[in-house]
Amino acid sequence: MISVIIPSYRPGDYIWKCLDSLNMQTLAKSEFEIIIVLNGCNEPYISMLNNRLCNYPALQVRLLHTDEGGVSNARNIGLDAATGDYLALIDDDDWVTPTYLKDMLSMVKENSIVASNEIDYHEETGEESDSYITRAFKRCKPYGYVSLFKGRSLMSSSCCKLIPRSVINGKRFDTSFTLSEDSLFMTSISSRVKTIILSDENCIYYRRVRQASASHRASQTAKRQQIKRLIIANIKMYFSDVAHNDMLFFTSRIVAAMLKVMKKNWI
């Protein structure tokens, strides 16, 4: 069983494209559940979702609600509620190809995660482009699977992954971070990841790029402060379990964060 976790804040019509893509999955509907966590908002969004979810009678969908905002909090609630042996995180404005879940489930192994291909969809222009995840996937794909260090860029996002529950092992997102929370979470579970398995290249996670996203709104100063905290958090995390943590991987995380602090232009 796969638990698909979808955090949502004031969802627009784009969430239906996300759910449509899950409704079209070639994996049997009995093999996955969907947990939508509506966070930081109430009506009319709860009613809107409840009224429209009846259009997906074959899907196993649970709608949860919390007044507390934040994508990390919503994902944690989803992780706590999940019943599946495998977890897939999808943002409410993104979508996946029809074979996405089936392809990744067929490849998953103990002490590994499966990473899919990714394509950025630019909402303002309708154009598609490669992201840093796409480029990392293409570099690693010829090998089929890679080490943490070789696939370090793939570990920057918790989306476009299938993660065994045993790898997560009770870890949760740090709600004090509003930027780079994905990277920190993936680093926190890295001690249980022996390899990163690459899915078929046609197994694609489409990421919608919007100028109104939190990462675009945040000020330069706020970003630098968050990244400095991220560096400290990574250092503490590494030394908390030196015997099991990958030194090269952690070093790459810290160096990447330090380079971001020194940049004038943020991605």
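Is Asp130 buried, exposed or partly exposed? With a relative accessible area of 37%, Asp130 is partly exposed (buried means under 20% relative accessible area, exposed over 50%, and partly exposed in between, using a 1.4 Å probe and protein chains only). The structure here is a predicted model, where local features need pLDDT of at least 70, side-chain atom pairs count only at pLDDT 80 or more, and totals for chains, interfaces and linings use all residues. Residues are numbered from 1 along each chain as its sequence is written, and side-chain values use heavy atoms, with hydrogens and water left out.

Salt bridges come next. A salt bridge is a side-chain nitrogen of Lys or Arg within 4 Å of a carboxyl oxygen of Asp or Glu, and by this rule there are 9 salt bridges. Asp130 takes part in one of them, meeting the side chain of Lys138 at 2.9 Å, N to O. Lys138 is partly exposed too, at 48% relative accessibility.

Another salt bridge pairs Asp182 with Arg75, and here the closest N and O atoms are 2.4 Å apart. This pair ties together distant parts of the chain, since Asp182 sits in helix H7 (residues 181-188) and Arg75 in helix H3 (residues 71-81), 107 residues apart. (Helices, H or I with at least four residues, and strands, E with at least two, are DSSP runs numbered from the N terminus.) Both ends are tucked away: Asp182 is buried at a relative accessible area of 13%, and Arg75 is buried at 3% relative accessibility.

Arg207 and Asp120 make a further salt bridge, with their closest N and O atoms 2.9 Å apart. Again distant parts of the chain are linked, with Arg207 in strand E12 (residues 204-209) and Asp120 in strand E7 (residues 117-122), 87 residues apart. The two ends fall in separate classes: Arg207 counts as partly exposed at 32% relative accessibility, whereas Asp120 counts as buried at 6%.

Now for the sheet. Strands of a sheet pair through backbone hydrogen bonds, either parallel or antiparallel. Two strands are taken to pair if DSSP finds at least two bridges between them. In this model an open sheet of 8 strands runs in the order E3-E2-E1-E4-E10-E6-E11-E9, with mixed pairing. E3 and strand E9 (145-146) stand at the edges with a single partner strand each, so one side of each has no neighbour in the sheet.

Strand E10 (residues 161-164) runs antiparallel to strand E4 (residues 86-89), and 2 bridges join them. Leu87 has Ile163 in E10 as its bridge partner. Strand E6 (residues 112-115) is also joined to E10 by 2 bridges, again antiparallel, and Val114 has Leu162 of E10 as its bridge partner. What covers the picture of E10 is that both of its faces are covered, with Lys161 and Ile163 buried on one side and Leu162 and Pro164 buried on the other.

Thr66 is buried, at a relative accessible area of 13%. Apart from neighbours within four places in sequence, Thr66 is in contact (heavy atoms within 4.5 Å) with Val37, Leu38, Asn39, Gly40, Cys41, Asn73 and Ile77.

A loop residue is worth a look as well. Gly12 is in the loop between strand E1 (2-8) and helix H1 (14-23), and counts as partly exposed at 22% relative accessibility. Gly12 and Met48 are 36 residues apart in sequence, and their C-alpha atoms are 9.8 Å apart in space.
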